[in-house]
Structures are given as C-alpha cells and as structure tokens.
Amino acid sequence: MIQLERTSVMNLENAIRGARNPMNSWGRMDSGYDEDGQFVLGPNDLDLARRLRKAGSDHRKFLRQVFVSVDVTAPLYWWKEYDTYKVATVANSTSTMHKIHSKPFELSDFSCDHMTEGTLAYFETVIAKLEEIRLRYVNEGKNKEDWYDLIQLLPSSYNQMRTCTFNYETLINIYFARRNHKLLEWHTFCDWILTLPYGKELIAAEEEEA
C-alpha cells in the first residue's frame, strides 16, 4: 500500500526561462498561465524542453530546478528501498521513536493488502500483542523495556508518512530504476510521476517517444 497526497509542482516557469539563457532566446518563450492559474508550456518552450531532455543530463539542467513536494504514506519496507535516493531529495517523517505509543494499533496502520488469509489472521495477533505492550507502556510508567518491545516487534509493514521533496531530474532516475520493480508500491509511485505536469514528456521521455 502506498498513498501520495498533497502534490505541489513548483518553479516550472523559472526553469524554462533559465533553459533559454545559454542562447539568449527568451524572445521565443510562448508559455503562460491558464484560467486555473496553471503554468502551461507553449509549443516553442515544450519543443525546447523535450530536446534538452533527450540530449542528456548535462543539457537538461533546467529539470533540476523543477521541484515537487508530496506527502507519501508507505510501509517501512518500501521506505527502506526509497532511502537509496540521497541526492536532491529531502524528507521529513512522522516519528516512530517518539510517537509509536500515541494511538492504538489498528490493522489500517499496516500494509497487509497482499497477505493470504491465514497470514492475516496471525498478523492480527501480532497487532493485539503490540497494543497490549503499548497500553502497558502508557499506563504503567513508560518503562523503557516496553518501549523497546514496541520498536523491535514493530513489523516492516507499518505505514509511515513523510513529506518528500524532489526535482524532475531525480524523478527521471527513480522512474527508470523502479518502474518494473517487484514491489507494486513502486508501480503506483511511477504512475504518480506520470501524472505530474509534463511528466510523460519530460520524465518518461524515452517511453513516450518509443
């Protein structure tokens, strides 16, 4: 399970203007804002953007100036793989260390959508044990042994929310590295990438033009 919410894409206008700096071709800019306040690339600017995208990372530096922010809720086993990406990414997460005890454990706190019936039944006993320990920790003096029991028993299917920031160049790397991954969460993430403004043209260009 993965959820991507509250997406914001920023600085496309400045980025495409900067892409014209090397040739002083600002007079050919034909982009602008539509009636909904969205920045729309004109034919000239989109053609330039696509050509620079295709020319390689040295030529498409403007994509590093298109920023994306999104709230991602995903299981810890997915975040472990996501943490491979350290360059041009920022993430602020909800705190497992500080807030693990702050609410009752429920099935909806975990990604268990692909569990078989028997495994799910067993998993519910794990959740019940976590809740038993949580209540003991909260009601009996916040014993550190109970806290460690919570942290070390917590399954990797536990969902955590992080506010993440990327740029389009980083998303190119993620998209082509993860679009065929075994984890379905990555497929959902890559599908989200394609919904971004000009995601198909500027991020998944090779696939779009094939």
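The structure holds 18 aromatic pairs; rings of Phe, Tyr and Trp (its six-membered ring) pair if their centres lie within 6.5 Å, and planes under 30 degrees apart count as stacked, over 60 as edge-to-face and the rest as tilted. The model is a predicted one, in which local features need pLDDT of at least 70 and side-chain atom pairs count only at pLDDT 80 or more, while totals for chains, interfaces and linings use all residues. Residues are numbered from 1 along each chain as its sequence is written, and side-chain values use heavy atoms, with hydrogens and water left out.

**The aromatic cluster**

Remain with this pair. Tryptophan 79 and tyrosine 82 both belong to helix H3 (residues 76-82), where a spacing of three residues separates them by about one helical turn. Helices (H or I, at least four residues) and strands (E, at least two) are DSSP runs, numbered from the N terminus. Both tryptophan 79 and tyrosine 82 are buried; buried means under 20% relative accessible area, exposed over 50% and partly exposed in between, with a 1.4 Å probe and protein chains only. Now extend the selection to Trp78, Tyr85, Phe166, Trp186, Phe189 and Trp192, which form one aromatic cluster together with Trp79 and Tyr82.

**Histidine 181**

Select histidine 181 next, in the loop between helix H7 (168-178) and helix H8 (184-195). Its side chain makes a polar contact with the side chain of glutamate 81, at 3.0 Å. A polar contact is a pair of N or O atoms within 3.5 Å; within protein, one must be able to donate a hydrogen and the other to accept it, and residues adjacent in sequence count only if both atoms are side-chain atoms. Not counting residues up to four places away in sequence, histidine 181 touches Glu81, Trp186 and His187, contact meaning heavy atoms within 4.5 Å.

**Helix H7**

Helix H7 is largely enclosed by the rest of the structure, because eight of its eleven residues are buried. To display the buried residues of H7, select Tyr168, Glu169, Thr170, Leu171, Ile172, Ile174, Tyr175 and Arg178.

**Helix H6**

Move to helix H6 (residues 144-153) and colour Asp146, Trp147, Leu150 and Ile151, which are buried. These residues lie on the same side of H6, because they cover an arc of only 135° around the axis; the arc is that of the directions from the helix axis to the C-beta atoms. Glu145 and Gln152 are exposed, on the face of H6 turned away from its buried side. The N-terminal end of H6 is capped by asparagine 143, which has a side-chain oxygen 2.7 Å from the backbone nitrogen of glutamate 145.

**Glutamate 131**

In helix H5 (residues 117-139), select glutamate 131. At 16% relative accessibility, this residue counts as buried. A polar atom of its side chain lies 2.9 Å from the backbone nitrogen of phenylalanine 105, and the side chain also makes a polar contact with that of arginine 134, at 2.8 Å. Leaving aside neighbours within four places in sequence, glutamate 131 is in contact with Pro104 and Phe105.

**Two residues with positive phi**

Most residues other than glycine have a negative phi. Asparagine 11, although not a glycine, has a positive phi of about 80°. Look for asparagine 11 in the loop between strand E1 (3-10) and helix H1 (12-19), where it counts as partly exposed at 27% relative accessibility. Tyrosine 198, also not a glycine, has a positive phi near 60°. Its place is the loop between H8 and helix H9 (199-202), and it is buried, with a relative accessible area of 15%.

**The whole chain**

Finally, display the entire protein chain, which has ten helices and six strands. The C-alpha trace spans about 70 × 35 × 35 Å along its principal axes. Buried residues make up 42% of the 210 residues. Of the contacts with a separation of 6 or more, 75% are accounted for by residues 24 or more positions apart.
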